[in-house]
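Colleague: Could we go through this model together? I have some questions about how the chain is put together.

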Amino acid sequence: MSDISFVRRHMLEPEDPPAREQGAVKWLRENLFSGPVNIILTVIALYLCYLIIAAVGPWLARSVWHAGSLTECRQILAERYGPDVNGACFAVITERWNQLLFGFYPRQFYWRPTLAMVLLLVAIAPILFNWAPRALLYFTPLYPAIAYWLLWGGTLWYPLAVMAGLALIIPAFKLGERVSKLVGLVAAVVVPLLWWGFVQQWVVAGLSSILPLTLTYVPSNNFGGFMLSIIIGVTGIALSLPLGILLALGRQSDLFIVKTICVGFIEFIRGVPLITLLFTASLLLNYFLPPGTNFDIILRVVIMVTLFAAAYMAEVIRGGLAALPRGQYEAADSLGLDYWQAQRLIIMPQALKISIPGIVNTFIGLFKDTTLVVFIGLLDPIGLSNSIRANQSWNGIYWELFIFIGLCFFIFCFGMSRYSLYLERRLKTDHR
């Protein structure tokens, strides 16, 4: 018999997977049409999307971007598409974009808040991203003083002197701690107060006479729009995180007085609506100040917003601390670390990593809550939309303004959400 055995001498070329197991078809099958219930829900969702697009699409397609009033918009729509045809009048955005962004800030000084925004990105880049040059960290602590100077004007030496008072807290505590911790805490409070109350004005006057770095003063009444929301939101975010960490640690402290104060503060603030605190900052706070005292309204709002966010931040971080196994605390003790070293090197980095979703969620809520300042007379984007609609030229326009404002808020909030996911991936150490 002849040998009919066959041995393959060459490997076959790999074939492409079936069409239903690759590309868009695979994604659609797995995510939208994986079962009867999923198919029904997908069809219903597609139908609802069709209804929305069919209703809103033509309205957006017939947009008018250049007109001097709502009446002129309607005339242009009638000329283009016939009478009784509706269309979006985005000309109000083209006409009033500067107000929505800068409020009533003087037009000739728009470069100042624009430069402050650019410098903000430079200041936070080394904190948020590894690829940013580490040398920028020397600029980061100086940014608050520079931003204040650019936005409000006056002399640059005043905000720098205020920052110098804050910088005195740590050396004052270190020197006082050589005697005792109580003396260190007292020194950390008294030394900055003495600087701000007695020394600062002489230092500012002397430096201003030598090198007068001054800009035209712009009062807070001219602030508004997204510039105001960003000022309140970014300041509240930057200050509420460290304050929330201290409150969370204080709530877990073994010292009865410290724990009682922190618990009382957190529960009180979380039990009071933010709008109540804003009214307190706007109306009641002046009754407790000396006659003639001018306490800037934006500064008062920033303080209240920061305290409000810090209370919620403390609970978020406390959840991260509670999620850590007891072995982490025991490991810190076994290494001979004191309390603050253990928190800085072992406990707090892990707790903050666990708390990233809650922290970012609090930040997003804080930024959106800046719209509540409209109730105390500050013209945020919502307040400016009311002001624009009060003008006879744009009386009766609604959706176009709210779409623009909502889109801008979405960009900021979506950006924070995406960054939190990026940060979670960067800090992920397991392989699940």
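Colleague: Let us start with H4. Which residues of H4 are buried?

Modeller: Please keep in mind that this is a predicted model. The buried residues of H4 are Ala 91, Val 92, Ile 93, Arg 96, Asn 98, Gln 99, Leu 100 and Phe 102.

Colleague: And what do the buried residues of H4 pack against?

Modeller: They pack against H3, helix H5 (111-128), helix H10 (225-251), H17 and helix H18 (399-427).

Colleague: What follows H4?

Modeller: Gly 103 follows H4, and the phi of this glycine is positive, near 65 degrees.

Colleague: Now the cysteines. How many disulfides are there?

Modeller: The count comes to 1 disulfide. Cys 73 and Cys 89 form it, with their sulfur atoms 2.0 Å apart.

Colleague: Where do Cys 73 and Cys 89 lie?

Modeller: Cys 73 lies in helix H3 (residues 70-81), while Cys 89 is in the loop between H3 and helix H4 (91-102), so the pair ties together parts that are 16 residues apart in sequence.

Colleague: Is that disulfide right-handed or left-handed, and why?

Modeller: The torsion about the S-S bond of Cys 73 and Cys 89 is about 75 degrees, so the disulfide is right-handed.

Colleague: Are Cys 73 and Cys 89 buried or exposed?

Modeller: Cys 73 is buried, at a relative accessible area of 1%. Cys 89 is buried too, with a value of 3%.

Colleague: What about Cys 49 and Cys 262: buried, partly exposed or exposed?

Modeller: Cys 49 counts as partly exposed, because its relative accessibility is 42%. Cys 262 has a relative accessibility of 9% and therefore counts as buried, the cut-off being under 20%.

Colleague: A change of topic. Where is Thr 370 found?

Modeller: Thr 370 is in the loop between helix H16 (356-369) and helix H17 (381-390).

Colleague: Is Thr 370 buried or exposed there?

Modeller: Thr 370 is buried, with a relative accessible area of 2%.

Colleague: Which residues is Thr 370 in contact with, leaving aside its neighbours within four places in sequence?

Modeller: With those neighbours left aside, Thr 370 is in contact with Ser 229, Ile 232, Gly 233, Asp 380 and Phe 409.

Colleague: And the other threonine I had noted, Thr 114: where does Thr 114 lie?

Modeller: Thr 114 lies in helix H5. It counts as partly exposed, because its relative accessibility is 40%.

Colleague: How many residues apart in sequence are Thr 114 and Ile 245, and what separates them in space?

Modeller: Thr 114 and Ile 245 are 131 residues apart in sequence, and their C-alpha atoms are 32 Å apart in space.

Colleague: Let us turn to the whole chain. What does its secondary structure come to?

Modeller: The chain has 18 helices and 2 strands. Its radius of gyration is 29 Å, well over the 22 Å that the globule rule gives for 432 residues, so the chain is more spread out than a compact globule. Along the principal axes, the C-alpha trace spans about 105 × 80 × 45 Å.

Colleague: What share of the residues is buried?

Modeller: Buried residues make up 36% of the 432 residues. The accessible surface comes to about 26600 Å², and 68% of that belongs to carbon and sulfur atoms.

Colleague: Last one: how many positive and negative side chains does the chain have?

Modeller: There are 30 positive and 23 negative side chains, and the centres of the two sets lie 5 Å apart.

Methods
Residues numbered from 1 in each chain as written. Predicted model: local features only at pLDDT ≥ 70, side-chain atom pairs only at ≥ 80, totals over all residues. Heavy atoms only, no water. Helix = DSSP H or I, 4+ residues; strand = E, 2+ residues; numbered from the N terminus. Rg over C-alpha atoms; globule rule 2.2 N^0.38 Å. Buried < 20%, exposed > 50% of the residue type's maximum accessible area, 1.4 Å probe, protein only. Areas by Shrake-Rupley, 256 points an atom, 1.4 Å probe, with all protein chains shown as cover. Lys, Arg positive; Asp, Glu negative; His and termini not counted. Charge placed at Lys NZ, Arg CZ, Asp CG, Glu CD. Disulfide = S-S within 2.5 Å. Contact = heavy atoms within 4.5 Å.
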